[in-house]
Amino acid sequence: MRKRALITGITGQDGAYLAEFLLQKGYEVHGIKRRSSLFNTQRIDHLYADPHETDVRLFLHYGDLSDSTNIIRLIQEIQPDEIYNLGAQSHVRVSFEEPEYTAQVDGLGTMRILEAVRLLGMTQKTRIYQASTSELYGLVQAVPQSETTPFYPRSPYAVAKLYGYWITVNYREAYNMYAVNGILFNHESPLRGETFVTRKITRAVARIALGLQEKVFLGNLDAQRDWGHAKDYVEAMWLMLQQDTPEDFVIATGVTTRIRDFVRMAFDEVGIELEFVGEGVDEKAIVSKCNNPDYQLPIGKEVVGIDPRYFRPTEVELLIGDPTKANTKLGWIPKYDLPALVKEMIESDLDIFKRDQILEREGHRPLNYFE
Ligand code: NDP
Ligand code: GDR
């Protein structure tokens, strides 16, 4: 029998990579998408086949994690063997602006999935993956952070995810369910949302190099993140649901990098060397060398500035994960390192914005224009 998976958040970065991964493994994949006034399935359109064709294995359903009745009905109809709960208001900065909604979806939404499986009598049939996060560690207690490091969340997002983490553990213990937390550290890709820092940087570097944008404004350049590739991380999610006993795992690379150094690496990728000058909100980055004749940026040109709007009321300064348990028990070893990730993201954004450059030259409004 073909396995059936249900993915919440299938239209997001991880949902898209996971759907592709599971389809390749032969699964029938069901995804929940939100109703939106515009199409929101761009990341999975290449996987979607006309429902009238034969051997269709990807199905999309309208739904929302804030709607219990919808969640219960979908789980009942689909009867999934595996549920991947990836749906979330996933932006940490935004969670300070929308704390209640974030708690509804990221916290209670997790409980809705677990409770639906319990109410429907499916506790021994359906395995559940909960998208937990390194944001749970928050204020540094110890490094590197492992499955036993204490949590100290630093944002409404992290507090909501803390509830999601513990309600998953509780349902596992109370009802003998196969429900696990993947404590995933930051993972990025060309499909990363445009307002997360890595993608914001790679988009800006591509646009600056192509002469479509003057400079980019960022927030805290001193924060350190353990960045991996989303493609590697969705494999770990699947592995976590294939074990004999349900357990929680940290998924990370074990290498941490400052935001400032990610900026430097991204500009390096297009042959532009930077020098950072000034301190705090007065810090900026200027071009110190331009080795690429295609991108004519003058020495001394300011390409990065600081905008305090991007600072967070409480920040997570240092994340560095210890993936030993995943390495040994799951046999999970990431294939990408940070330089390969940066290269792939820059190449993809250059490709996107070269198309915009052509449109602009021909007097049309670029398709991807927004800051
Ligand atoms: P994205 O922001 O790219 O995707 C989030 C998904 O959730 C989108 O499909 C979004 O739909 C959907 N969603 C948002 N609100 C709701 C709602 N109310 N009901 C149902 N679905 C909703 O996140 P990622 O793919 O990067 O992350 C996936 C999960 O993993 C998230 O839970 C995130 O918090 C968590 N996580 C991510 C990490 C990372 O580094 N990427 C690290 C650790 C954890 P729409 O497309 O319509 O907005
Ligand atoms: P994060 O990712 O908060 O770690 O959450 P994000 O890329 O938003 O921020 C990383 C760090 O960069 C600093 N920063 C900026 N961030 C943004 N977004 N924009 C800026 O201009 C900017 N300048 C500096 C931030 O202050 C922060 O320190 C991500 C999300 O995917 C979560 O859903 C997930 O749980 C965690 O990763 C692990």
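In this predicted model, strand β6 (residues 179-184) is mostly covered, with 6 of its 6 residues buried. A residue is called buried if 20 or more other C-beta atoms lie within 10 Å of its own, exposed if 12 or fewer do, and partly exposed in between, with C-beta atoms placed from the backbone. Strands (E, at least two residues) and helices (H or I, at least four residues) are DSSP runs numbered from the N terminus. In a regular strand the side chains alternate between the two faces of the sheet. In β6, A179, N181 and I183 point one way while V180, G182 and L184 point the other way, and all are buried. Local features were taken at pLDDT of at least 70 and side-chain atom pairs at pLDDT 80 or more, whereas totals for chains, interfaces and linings use all residues. Residues are numbered from 1 along each chain as its sequence is written, and chains are lettered from A and ligands numbered from 1 in the order in which they are written.

Strand β6 belongs to an open sheet of 7 strands, in the order β3-β2-β1-β4-β5-β6-β11, with parallel pairing. Two strands are taken to pair if DSSP finds at least two bridges between them. The edge strands, each pairing on one side only, are β3 (58-62) and β11. Direction ignored, neighbouring strands of the sheet are turned by 20° against each other on average; the axes are lines fitted to C-alpha atoms, for helices over the stretch in contact, and angles run from 0 to 180 degrees between N-to-C directions.

The pairing of β5 with β6 is parallel and spans 6 bridges. Within it, A131 has G182 of β6 as its bridge partner. Strand β6 is also joined in parallel to β11 (residues 249-251), by 3 bridges. Here G182 stands opposite F249, and I183 stands opposite V250. A right-handed β-α-β unit is made by β5, helix α5 (residues 156-175) and β6. Right-handed means that, with the strands pointing away from the viewer, the path from the first strand over the helix to the second runs clockwise.

The peptide bond from V143 to P144 is cis, with omega near -10°, and P144 is found in the loop between β5 and α5. N176, in the loop between α5 and β6, has a positive phi near 55°. N176 counts as exposed because it has 11 C-beta neighbours inside 10 Å. Q79 has a positive phi of about 50° and is placed in the loop between α2 (68-78) and β4 (82-85). With 13 other C-beta atoms within 10 Å, Q79 is partly exposed.

Around ligand 1 there are 26 residues, of which G9, G12, G87, A88 and A131 come nearest. A residue is near a molecule or strand if its C-beta atom, placed from the backbone, lies within 6 Å of it. Both α1 (13-24) and β5 (127-133) supply at least two residues of this shell, and α1 gives the most, with 3 residues. The shell around ligand 1 has 7 nonpolar, 16 polar and 3 charged residues. Ala, Val, Leu, Ile, Met, Phe, Trp, Tyr, Cys and Pro count as nonpolar, Asp, Glu, Lys and Arg as charged, and the others, Gly among them, as polar.
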